[in-house]
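Visitor: I am new to this structure. Please take me closely through the strands and the loops beside them.

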Amino acid sequence: MEIRIVCQRCRQKFSASTNTETVICLHCHAVNQNRTIRKQSSSQEHGRISPPLIGNSMREKLKKILHCSTLKPAASRSSSTNYSTLCALDNSGVSAKKRAVLCGVSYKKWKYKLKGTINDVLNMKDLLIQKYEFREENILVLTEKQSDARLIPTKANIENCLNWLVKGCRSGDSLVFFYSGHGLRQPNFNNDERDGFDETICPVDFLKEGMILDDDIYATIVKPLPEGVTLHAIIDACHSGTVLDLEHVYDREKGKWIDNSPPSGVRKQTSGGKAYSISACQDNQVATDTSAFSSKSMYGAMTFILIEVVRGRPSITYGELLDRMQERIEQANQQGCFGGSRILSRIFGPNLTQKPLLSASEEFPVYERTFEL
């Protein structure tokens, strides 16, 4: 027997079985409580054991982090890890000093699906933990393989996790946002883009819910940054050069910073913190998935090269990192790795030669400042 349920998040109606305690909204993927079933007093009803020391007051605090209607321990290892993340980050209001949101979208039900994005996320997670001493419980991972509906890379979930990333940050904190997926451009009508286009990232449900614009990313994770907080965004997507709308772009060929402030005169600054973005390519270029670096698996070319370069050097400056990444891409181009059937272009375009781009909230000497997450 089925009943009609109204989602507590999006208020859309959908059908659900009467004997299911929790149901997932078909529209926004939020977890909803089936109020027709009386709550069971035992925490072991379905062979699951609730985490200890999680009382009602703690549950209420956890609900606010991702604006979810209910919180239940997930069945899979990956989801339960992220449930622990939420617990650890709500430690008497004190946030972790290092936090990360890693998002990989494969669009597995879409025509132009990507094969390397989940590998990118897993490799970036390992890099953060092994080299930069991030704790696993302070890293949120969003992929379509997650069993926890809050960690599917929908537009709403990505936006919620970005809010979580910067919430309560304070001086000394290091934040990382990593995205591997499709990126697009659309015409800009408010005169804050020098090329006339807004850059976007594409959640798994972007055909229905829309893309996330650079304006929104800036407003969510760049503008609120207080003094002493550092944000690094690593974006492996097409047209991703200025997807954070940072005011300064480094021209590697000219060896100088270029003004990227809005022509309208509106300032796009932080609230005192520092923001850096390393993008797979310039705004008018496409990024690539490739098996050129590994015969068995697909990866985003920029992500694979960045991790390879950083792991191979105990210390590296931003300028040296850009140089080594560009050299590695040029070597692969000369060997034909980006021209044959082994390459999958994320969005078809006239040129598969991508140039990693560095942008920042302030100008700085790129060959003197060490790249550190």
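Guide: Two strands pair if DSSP finds at least two bridges between them. Helices (H or I, at least four residues) and strands (E, at least two) are DSSP runs, numbered from the N terminus. The model is predicted, so local features need pLDDT of at least 70 and side-chain atom pairs count only at pLDDT 80 or more, while totals for chains, interfaces and linings use all residues. Residues are numbered from 1 along each chain as its sequence is written, and side-chain values use heavy atoms, with hydrogens and water left out.

Start with strand E5 (residues 98–104) and strand E6 (residues 139–142). They run parallel, joined by four bridges.

Now look along E6. Ile139 and Val141 point one way, and Leu140 and Leu142 point the other way. Buried means under 20% relative accessible area, exposed means over 50%, and partly exposed lies in between (1.4 Å probe, protein chains only).

Next comes a loop residue, Asp173. Its loop lies between helix H4 (155–166) and strand E7 (174–180). Asp173 counts as buried because its relative accessible area is 2%. Its side chain makes a polar contact of 3.2 Å with the side chain of Lys97. The side chain of Asp173 also reaches the backbone nitrogen of Arg170, at 2.9 Å. A polar contact is a pair of N or O atoms within 3.5 Å; within protein, one must be able to donate a hydrogen and the other to accept it, and residues adjacent in sequence count only if both atoms are side-chain atoms. Leaving out residues up to four places away in sequence, Asp173 touches Ala96, Lys97, Arg99, Gly228, Val229 and Thr230. Contact here means heavy atoms within 4.5 Å.

Move on to the loop between strand E11 (230–236) and E12, where His239 sits. Asp245 lies in that loop between E11 and E12 too. Most residues other than glycine have a negative phi, and most peptide bonds are trans. Yet phi of His239 is near 55 degrees, a positive value. Phi of Asp245 is also positive, near 60 degrees. His239 is buried, since its relative accessibility is 13%. Asp245 is buried because its relative accessible area is 5%.

E12 runs antiparallel to strand E13 (residues 256–259), with four bridges between them. Asp251 stands opposite Lys256 in E13. The hairpin of E12 and E13 has four residues between the strands. In that hairpin, Gly255 takes a positive phi near 70 degrees. E12 also pairs with strand E18 (residues 357–360), again antiparallel, through three bridges. There, Val249 has Ser359 of E18 as its bridge partner.
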